[in-house]
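Subject: Structure handover

Hello,

Here is the structure I said I would pass on. My notes on its pockets and on one helix pair follow below.

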Amino acid sequence: MTEANKDAVDAIIDQWHAVRPDLETAPMAVFGRIYRISRSMGDAMERAYARYGISRGEFDVVATLRRSGAPYTLSPRQLSATLMLTTGGMTGRLDKLEKAGLLSRKPDPHDRRGLQVTITDRGLSVIDEAVAAGLEVQRAALTGLDDQEVAALTGLLRKLMAGV
């Protein structure tokens, strides 16, 4: 590999080799890049969604409702389980999204103690635009890879994810 092709993770690996040549740093090379890509893309997605007045976390809530299909209704418990959030964390997001007019909460007709969360027409419009904007950011990040490389990377990441 030439110096011109090296990235920040290569520099870290080189530093570890200089002070601890006994270490096998291949895992660091993989996960260091995954972490940096995730952080960079997370920031880019945050900027993309901010144009629609929502954060990434709020996007996740409205997107989960949208993906659930018509009538776009789930209980707060179902949302919490899908998004791996505590009920307290979910309540805060739901409060903000309801105040913004992106969703509504109503009593569950099948459970007196429960609530149903439903995406509003405004929420449907916002999420459809936001998901398209987010996909464009992701598509742009992949422009250096051809279709076969994207497919290979997808398969490798799926295999890696199954093992962690």
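How many nonpolar, polar and charged residues does the lining of the largest pocket have? The model is a predicted one, and in it that lining has 18 nonpolar, seven polar and four charged residues.

The largest pocket holds about 1100 Å³ of space. It is lined by 29 residues, and those closest to its centre are Ile34, Ile37, Ser38, Met41 and Leu157. Four helices each give at least two residues to this lining: α2 (26–50), α3 (56–67), α6 (121–141) and α7 (147–162). The largest share, twelve residues, is from α2.

The second largest pocket has about 280 Å³ of space. Of its 14 lining residues, Pro76, Arg77, Arg113, Gly114 and Leu115 lie nearest the centre. Two or more lining residues come from each of α4 (76–83), α5 (87–99), β2 (103–108) and β3 (111–119). By class, this lining divides into four nonpolar, five polar and five charged residues.

Now the helix pair. The axes of α3 and α6 are 10 Å apart, and the two helices pack at an angle of about 105 degrees. Angles of 65 to 115 degrees count as roughly perpendicular, so α3 and α6 are roughly perpendicular to each other. On the α3 side, the contact is made by Phe59, Val62, Ala63 and Arg66. On the α6 side, Gly123, Leu124, Ile127, Asp128, Ala130 and Val131 take part. This contact of α3 with α6 has seven nonpolar, one polar and two charged residues.

Regards

Terms used:
Residues are numbered from 1 along each chain as its sequence is written. This is a predicted model: local features need pLDDT of at least 70, side-chain atom pairs count only at pLDDT 80 or more; totals for chains, interfaces and linings use all residues. Side-chain values use heavy atoms; hydrogens and water are left out. On a 1 Å grid over the protein atoms alone, a cavity is a set of points where a 1.4 Å probe fits but cannot get out, and a pocket is an open set with protein on both sides within 12 Å along at least five of seven lines; lining residues have an atom within 4 Å of a point. Grid points are joined across faces, edges and corners, and a volume is the space filled by probe spheres set on the points. Ala, Val, Leu, Ile, Met, Phe, Trp, Tyr, Cys and Pro count as nonpolar, Asp, Glu, Lys and Arg as charged, and the others, Gly among them, as polar. Axes are lines fitted to C-alpha atoms, for helices over the stretch in contact, and angles run from 0 to 180 degrees between N-to-C directions. Angles under 35 degrees count as roughly parallel, over 145 as roughly antiparallel, 65 to 115 as roughly perpendicular and the rest as oblique. Contact means heavy atoms within 4.5 Å.
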